[in-house]
Amino acid sequence: MINEAMYTLGDEPSAIRELFAYGLARKAEIGEDAVFDFSIGNPSVPAPAAVKEAILELMEQDPVALHGYSPASGDPQVKQVIADSISRKFGVHATPAHLYLTAGAAAGLASSIAAVTHPGDEVIVISPYFPEYKTWIEAAGCNIVEVPAQVPSFQIDVEAVTAAITDKTAAVIINSPNNPVGAVYTRQNLEGLAAVLLAAEKRLEHPIYLISDEPYREITYGAEVPYVPGIYPRTIVCYSYSKSLSLPGERIGYIYASDTMPDGDQVAVAVAGAGRALGYVCAPVLQQKAIAKVVDEPSDVAAYAENRALLTEGLSALGYEYVQPDGAFYLWVKALEEDAQAFSDRAKEYELLLVPSDSFGCSGWVRISYCVSADTIKNAMPAFAALMESYKKE
Ligand code: PLP
């Protein structure tokens, strides 16, 4: 018999993917340039030339070895290169045994959640949050506990997290730079969270894991992105090259169970077990090997910085309210009516595809992905103006 829960997941595409699919169909109907598609976070910056060179070089190697399986947790040499890179960048001692290479942050998050929870546990997320967290938490048999971020800073509300912790709390997921609001958590904010988690661990006499989802680590506009394991030892980092090197379709990233964690060796083994149980073994090998050659390649954020300026200046002039993003490539904009879905539907009439906030766990906002061409933003401004006018007329 079909599993109902799985059927429901398969039958209900995420709001983001639904809008993205609508955009593709609409573009086919009225033309690519007539639709202003701000739905999905597909990087608009090309992958660095070094990635192509790395892949071309690899293609010269013995195909049997090149395309063969790696160990489940990844190629040992690649893991060593990544561990060395983490150690250099963050001044820690990262060991390859604590790394598990994955098909992007998605596989990393699903495996990490499964590794440190039991059915019936609670996992705290800071809302608004990346919608798939709910899917992965519930797939692990756990309950999601949504804790709203502080408004208007969208930093973690440490007091609210304190109030949400129960004896069932197994983990907290954070994401900085953040999708969908673009906030980057300050050191002070993270230290506040760490203090609360340490106190709760002591009181409850069980570990609370901090799962740090970091695909946007390098996509920032000058803000410091503190290294979370340096602040809270019991941290599991889920990293991905999808955004930093514009490789979302190649499905490559890693889980790093911090070496500073008291039970880090056991967590690394449990992560491997969860990866095995979920079928996330042996991340794409060509991509593993390519990453090892470009591991310190810088991210190119110039185009996103330009888009951010174009969009925020344009929307400010039209009277829209939004959260100034310090990182990632999303703008969180106040909907012009309380019902974000109704606002998104109205925006569609102007060929503007804006993701309503409901699936991110809060109401009244929309997300604009500005990883698009600068022309899309410039050409969309009359549509944003007309959308605003339509509300003013009411
Ligand atoms: N976490 C966040 C916050 C994201 O925005 C995304 C993708 O957009 C992911 C995880 C999944 O990324 P990946 O492509 O590495 O699986």
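Entry 1. I counted the contacts between the domains in this predicted model and found that 29 residues of domain 1 touch 29 residues of domain 2. I noted the bounds as well: domain 1 covers 4-47 + 300-392, and domain 2 covers 50-294. Their C-alpha centres are 26 Å apart.

Entry 2. I then looked up the area of this interface. The size of an interface is often given as the accessible area lost when the parts come together. Domain 1 and domain 2 bury about 2,200 Å² between them, and carbon and sulfur atoms account for 65% of it. On the side of domain 1, the most area is lost by Asp326, Ala328 and Phe360, which together make up 23% of what that side buries.

Entry 3. I asked which polar links cross the interface of domain 1 and domain 2. I found 0 salt bridges there, whereas 11 residue pairs are in polar contact. In domain 1, at least two residues of the touching side come from each of helix H12 (302-318), strand E10 (330-334) and strand E13 (365-369). I sorted that side of domain 1 by class and recorded 20 nonpolar, 6 polar and 3 charged residues.

Entry 4. I turned to the ligand. It has 15 residues around it, of which Ala105, Asp213, Tyr216, Ser240 and Arg251 come nearest. I noted that a polar backbone atom of Ala105 is 2.7 Å from an oxygen atom of the ligand. For Arg251, a polar side-chain atom lies 2.7 Å from a ligand oxygen atom. For Lys243, the distance from a polar side-chain atom to an oxygen atom of the ligand is 2.9 Å.

Notes. Residues numbered from 1 in each chain as written. Predicted model: local features only at pLDDT ≥ 70, side-chain atom pairs only at ≥ 80, totals over all residues. Heavy atoms only, no water. Domains from an automatic or database assignment. Contact = heavy atoms within 4.5 Å. Buried area = accessible area lost by both parts, 1.4 Å probe. Salt bridge = Lys/Arg side-chain N within 4 Å of Asp/Glu carboxyl O. Polar contact = N/O pair within 3.5 Å; in protein donor to acceptor, adjacent residues only side chain to side chain. Helix = DSSP H or I, 4+ residues; strand = E, 2+ residues; numbered from the N terminus. Nonpolar A, V, L, I, M, F, W, Y, C, P; charged D, E, K, R; others polar. Near = heavy atom within 4 Å.
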